[in-house]
Amino acid sequence: MQTFVQNRETTKIKKRVFIGLLSVSVLLIFGMILSGILIYYNRFGSWYRYVLLAIIAVLSLFILIVSIGLAGVVMTLLSVKRFFGLEGLMNASINMLFPLALAVGRMLRIPNDVIKSSYIEVNNKLLQSRNYSLKPEDILILAPHCLQKWDCPHKITTDASNCRHCGKCDIDKLLMISKKYGVNLAVVTGGTLARKKVKDTKPKAIIAIACERDLTEGIIDTNPLPVMGILNIRPEGPCKNTRVDLAKVTEAIDFFIKGKEQT
Ligand code: SF4
């Protein structure tokens, strides 16, 4: 029970990091608009004024749009409800502000991985506010190659079923899960192969297992395709003999197949 409460608290803190940075980014843009207005009235003369006025107008429109999107994100996260028609705007706002949020986080000395894992948490929570009822064959599990035992000789990136089920790594269990549910599984070496698998499989939802950097890039790349991100576990450091919480994988499959009410 204590662990469950701690997990919920960690999840809340994680989400707050990204939302906080997005809000600071919006305030920064707002500050730029205010500075522009002040300069407009005090310094500029002749045609420069009109250029500045145009920049202020564009920034004002931008801030208005992303603020509505951001408000939708916060309301969704607070109530875990779906705001019909706002999803596209919410996604676009997050993706447009993401680079700025990263830069602000760097200035505040917040590690990139913390910001990215917070972004993944926000992405997952937004997904969970929706209801899915997908066929298993429309779901693709994308797993990273580093899950495989580093000295395993079997080439599973061309075909995951080349695994000989020795049980030394989680690929064995992932294959069993994919077989049991009837979902697709692909083991990939990086973004290019991942994109190819997505193109070939044409899934309606993806369950992606990776590190913070790859997951973030994958979620942004495949947008608006829903991607449930699961961070890999790295007991031996990055990119070697990594693991995955298999319970999270089955929870994600259940969510996409049965919808949130039944998970
Ligand atoms: S479970 Fe499969 S992929 Fe993992 S080490 Fe054994 S044979 Fe290789």
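**Exercise 1. Work out which residues come nearest to the ligand, and how its shell splits by class.**

Start with what you're looking at: this is a predicted model, where local features need pLDDT of at least 70, side-chain atom pairs count only at pLDDT 80 or more, and totals for chains, interfaces and linings use all residues. Residues are numbered from 1 along each chain as its sequence is written.

Step one: collect the shell, taking a residue as near if its C-beta atom, placed from the backbone, lies within 6 Å of the molecule. That gives 14 residues, and Lys 149, Cys 152, Cys 163, Cys 166 and Cys 169 come nearest.

Step two: sort them. Six are nonpolar, four polar and four charged (nonpolar: Ala, Val, Leu, Ile, Met, Phe, Trp, Tyr, Cys and Pro; charged: Asp, Glu, Lys and Arg; polar: the others, Gly among them).

**Exercise 2. Find the strand order of the sheet and its edge strands.**

Step one: get the strands as DSSP runs (E, at least two residues), numbered from the N terminus, and pair two if DSSP finds at least two bridges between them. The open sheet reads E2-E1-E3-E4, with parallel pairing.

Step two: look for strands that pair on one side only, which are E2 (184-188) and E4 (227-231).

Step three: zoom in on E1 (residues 139-144) and E3 (residues 205-210), joined in parallel over four bridges. Here Ile 141 sits opposite Ile 207 of E3.

**Exercise 3. Decide why Pro 238 counts as exposed.**

Step one: locate Pro 238, in the loop between E4 and helix H8 (246-258).

Step two: count neighbours. Pro 238 is exposed because it has 10 C-beta neighbours inside 10 Å, and the cut-off for exposed is 12 or fewer, with C-beta atoms placed from the backbone.

Terms used:
Buried ≥ 20, exposed ≤ 12 C-beta atoms within 10 Å, placed from the backbone.
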